[in-house]
Amino acid sequence: MKILLADDDKEYCLSLKRYLEKKNKDYEVSLAFDGRDAKWCVEGDKYDIIFIDCDMPFLSGVDLIRIIKKQNPQANLVMVSGYKGIEEDFAKAAGVDEFLSKPFELRKVDEILDKYGCGK
């Protein structure tokens, strides 16, 4: 299971990476701390699920979603945002499968992974 965490909040990324790798040793978790790095990741590798922050330096989450849809169309996409103005309807219209509003409980991540067959 290949997972990409694309978010400019490094502490969030590192903490979620530790959680996921502890939860399942078969998870390969990659990190990208800005949109440009995330773009390079999806151009160079295929992921099963990608967690994308809506607002990142160099390339927004929405722009990144368009690129991922071309480069890695089978990936399940989860938009993550801490902004109050970003809602699930916006995220779904942008082309993602799921939306998480920060802060969120880790059980929500587990539910998403289970839903897409990634949690086993």
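Predicted model: local features only at pLDDT ≥ 70, side-chain atom pairs only at ≥ 80, totals over all residues.
## Ground rules

Local features here need pLDDT of at least 70 and side-chain atom pairs count only at pLDDT 80 or more, while totals for chains, interfaces and linings use all residues. Numbering starts from 1 along each chain as its sequence is written, and side-chain values use heavy atoms, with hydrogens and water left out.

## Overall layout

The chain has five helices and five strands (DSSP runs: helices are H or I with at least four residues, strands are E with at least two). Reading from the N terminus, the order is β-α-β-α-β-α-β-α-β-α.

Of the 120 residues, 46% are buried (under 20% relative accessible area, 1.4 Å probe, protein chains only).

## H2 against H3

Helix H2 (residues 35-44) and helix H3 (residues 61-71) have axes that come within 10 Å and cross at roughly 5 degrees. That makes the two helices roughly parallel (angles under 35 degrees).

On the H2 side, Gly35, Ala38, Lys39, Val42 and Glu43 meet Leu64, Ile67, Ile68 and Gln71 of H3 (contact is heavy atoms within 4.5 Å). The residues of this contact split into five nonpolar, two polar and two charged, with Gly counted as polar.

## The aromatic pair

There's one aromatic pair in the structure (ring centres within 6.5 Å). The rings of tyrosine 12 and phenylalanine 104 have centres 6.0 Å apart and planes at 85 degrees, so the pair is edge-to-face (planes over 60 degrees apart).

Tyrosine 12 belongs to helix H1 (residues 10-23), and phenylalanine 104 sits in the loop between strand E5 (98-101) and helix H5 (106-115), 92 residues apart. Both tyrosine 12 and phenylalanine 104 are buried.

How values were computed. Axes fitted to C-alpha atoms, helices over the stretch in contact; angles between N-to-C directions. Parallel < 35°, antiparallel > 145°, perpendicular 65-115°, else oblique. Buried < 20%, exposed > 50% of the residue type's maximum accessible area, 1.4 Å probe, protein only. Phe/Tyr/Trp six-rings, centres within 6.5 Å; stacked < 30°, edge-to-face > 60°.
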